Amino acid sequence: MEKNRVQTCFGCGVPLQNENPGATGYVPKMLGEKGQEHYLCQRCYRLQHYGETREEEVALPDYKEIFSNAIKKKCLIIYVVDLFAFECSIIKDLSPFIKDNPILVVANKRDIMPKAIDDDKLRQFVYARFKLEGIDIEDVIVSSAYKNYNIEEIIEAMKALKNGKDIYIVGASSVGKSSLINVLLKNIKNETRDLITTSPYPGTTVATITIPLDNKSKIYDTPGMISRDSVFAVFDKSVLKYTIPRTEIKPITFQLNDKQSIFIGGVSRFDFVEGKKTGFTFYASSNVELHRTKLDKADAIFEKLISTGKIKPVSAALKGPQDFVRHEMNLPNDKKVDIVISGLAWISVKGTGQKVSVLAPAGVSVTIRDPKI
Ligand SMILES: Nc1nc2c(ncn2[C@@H]2O[C@H](COP(=O)(O)OP(=O)(O)OP(=O)(O)O)[C@@H](O)[C@H]2O)c(=O)[nH]1
Ligand SMILES: [Mg+2]
């Protein structure tokens with residue numbers, strides 16, 4: 001590596017070093033030889049070439065410091081949210097740093113949402129939620145970095161809004177910020193290889209990455225904050241592998257009488273405690289198995305399925321009902337709502353005053369919101 005210049009990894013933004021192979025930002029000398037335009041740390045090299053993730057974690061950055069250092073001048077903010085894990089996508093701590101700038105919201109991962117839903121419905125949902133959070137936004141574009149969906153629309157909106165300024169891509173971890181930048185660059189510059197490292201698990205981008213966009217402005221990729229009260233902060237990779245949807249989610253409706261339960265894998269449980277027969281529609285990754293049973297037998301069966309591994313996924317920390325937190329709720333009267341287990345699933349139901357209860361892992365929030373769909 002050249003001396004006197006702080007080199008950073010183009011894949012994740014960490015400062016590079018070639019002395020300690022066990023430490024963050026290690027780059028073998030051969031990768032850092034003269035003539036190479038972009039330097040990748042060993043972790044990014046492995047992720048990009050073999051999709052391999054090391055078990056050891058990189059130190060998570062101090063987001064407040066990153067944003068207060070980064071967003072000092074006027075810029076265009078592209079705030080990326082995940083249409084599936086939406087509750088984990090709105091990061092309250094971010095608002096003070098971005099609020100004086102124009103904000104374009106990109107609602108990503110359209111491909112995993114059911115095809116039958118109208119994009120406009122999703123846009124309205126996202127609009128309403130940002131309004132509720134008190135964040136003024138210019139527009140919402142529904143996109144898929146995977147399917148190259150509405151990427152041209154994002155580029156057009158960027159052109160219209162950026163006014164010669166730089167662009168910061170912000171948002172929670174794993175919403176697809178780096179993936180979007182890679183497809184935006186492909187479309188704008190016709191570059192064909194992925195440069196910024198992406199991975200299914202939170203904490204991929206570690207520091208702000210600067211990419212020249214044109215001769216006037218730059219685009220900045222930033223590390224995403226991990227929502228503390230979601231499954232992303234609680235489950236390890238072996239569980240997240242199942243819970244993060246990779247393909248279109250297929251809603252499953254159960255017509256339940258009260259005193260019936262649905263297991264959401266071995267990692268959550270929904271109990272219909274009291275009320276008239278109701279249709280409950282479950283939205284979760286297709287790799288999360290749903291299992292119906294009677295409430296009075298639910299504790300014993302739940303424990304048995306978990307211990308025998310006959311339900312997927314299971315988590316080593318969740319062995320039986322005693323390891324979960326119970327959230328009891330009275331549903332509203334005559335109103336459609338979603339019951340959300342943050343980052344894992346949501347259950348859509350017409351409320352008629354039913355009494356329900358959700359067993360969720362400790363630390364994962366369970367909330368009721370206006371319906372997404
Ligand atoms: N299904 C689907 N997956 C996507 C899409 N965009 C990104 N992903 C996946 O989501 C995961 C996270 O993507 P990243 O681009 O690394 O997310 P990030 O927001 O940069 O994450 P951090 O760097 O941790 O903040 C990866 O597995 C991507 O392949 C999309 O449009 N659809
Ligand atoms: Mg990233």
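Two strands pair if DSSP finds at least two bridges between them. Strands (E, at least two residues) and helices (H or I, at least four) are DSSP runs, numbered from the N terminus. Phe254, for example, has Phe280 in S10 as its bridge partner.

This is a predicted model: local features need pLDDT of at least 70, side-chain atom pairs count only at pLDDT 80 or more, and totals for chains, interfaces and linings use all residues. Residues are numbered from 1 along each chain as its sequence is written, while chains are lettered from A and ligands numbered from 1 in the order in which they are written.

## The six-stranded sheet

One open sheet has six strands in the order S3-S2-S1-S4-S6-S5. Its pairing is mixed. The edge strands are S3 (139-142) and S5 (209-212), and each pairs on one side only. Neighbouring strands are turned by 20 degrees against each other on average, direction ignored.

S1 (residues 75-82) pairs with S4 (residues 166-170) in the parallel sense, over five bridges. Here Leu76 stands opposite Ile167 in S4. S4 also pairs in the parallel sense with S6 (residues 218-221), over three bridges. Tyr168 stands opposite Tyr220 in S6. S5 and S6 run antiparallel and are joined by four bridges. Pro212 has Lys218 in S6 as its bridge partner. S5 and S6 form a hairpin, with five residues between them.

Helix H5 (residues 151-162) lies across S1, S2 (103-108), S3 and S4. It runs at about 160 degrees to S3. Axes are lines fitted to C-alpha atoms, for helices over the stretch in contact, and angles run from 0 to 180 degrees between N-to-C directions.

Two packed helices are described by the angle between their axes and the distance between the axes. H5 and H6 pack at an angle of about 75 degrees, with their axes 10 Å apart. That makes H5 roughly perpendicular to H6. Angles of 65 to 115 degrees count as roughly perpendicular, under 35 as roughly parallel, over 145 as roughly antiparallel and the rest as oblique.

Which residues of H5 and H6 meet? From H5 come Ile151, Glu152, Ile154 and Ile155; from H6 come Val183, Leu184, Asn187 and Ile188. Contact means that the C-beta atoms of two residues, placed from the backbone, lie within 7 Å. By class, this contact has six nonpolar, one polar and one charged residues. Ala, Val, Leu, Ile, Met, Phe, Trp, Tyr, Cys and Pro count as nonpolar, Asp, Glu, Lys and Arg as charged, and the others, Gly among them, as polar.

## Around ligand 1

Ligand 1 is surrounded by 23 residues. The closest are Gly176, Ser178, Thr198, Thr205 and Gly224. A residue is near a molecule if its C-beta atom, placed from the backbone, lies within 6 Å of it. Helix H6 (residues 177-189) gives the largest share of the shell, three residues. By class, the shell has seven nonpolar, 13 polar and three charged residues.

## The five-stranded sheet

Five strands form an open sheet in the order S7-S10-S14-S13-S16, with antiparallel pairing. S7 (252-256) and S16 stand at the edges with a single partner strand each, so one side of each is left without a neighbour in the sheet. The twist averages 25 degrees from one strand to the next.

| Strand pair | Sense | Bridges |
|---|---|---|
| S7 and S10 (residues 278-284) | antiparallel | five bridges |
| S10 and S14 | antiparallel | five bridges |
| S13 (residues 333-341) and S14 (residues 345-352) | antiparallel | eight bridges |
| S13 and S16 (residues 366-369) | antiparallel | four bridges |

Ser348 in S14 stands opposite Asp338, and is also the bridge partner of Thr281. Lys336 has Lys350 in S14 as its bridge partner. In S16, Thr367 is the bridge partner of Val340. The hairpin of S13 and S14 has three residues between the strands, and Gly343 takes a positive phi near 85 degrees there.

## Gly266

Gly266 sits in the loop between S8 (260-264) and S9 (268-274). Is this residue buried or exposed? Gly266 counts as buried because it has 26 C-beta neighbours inside 10 Å. The cut-offs use C-beta atoms placed from the backbone: 20 or more others within 10 Å is buried, 12 or fewer is exposed, and in between is partly exposed. Not counting residues up to four places away in sequence, Gly266 touches Leu305, Ile306, Ile311, Pro313, Val314, Ser315 and Leu318.
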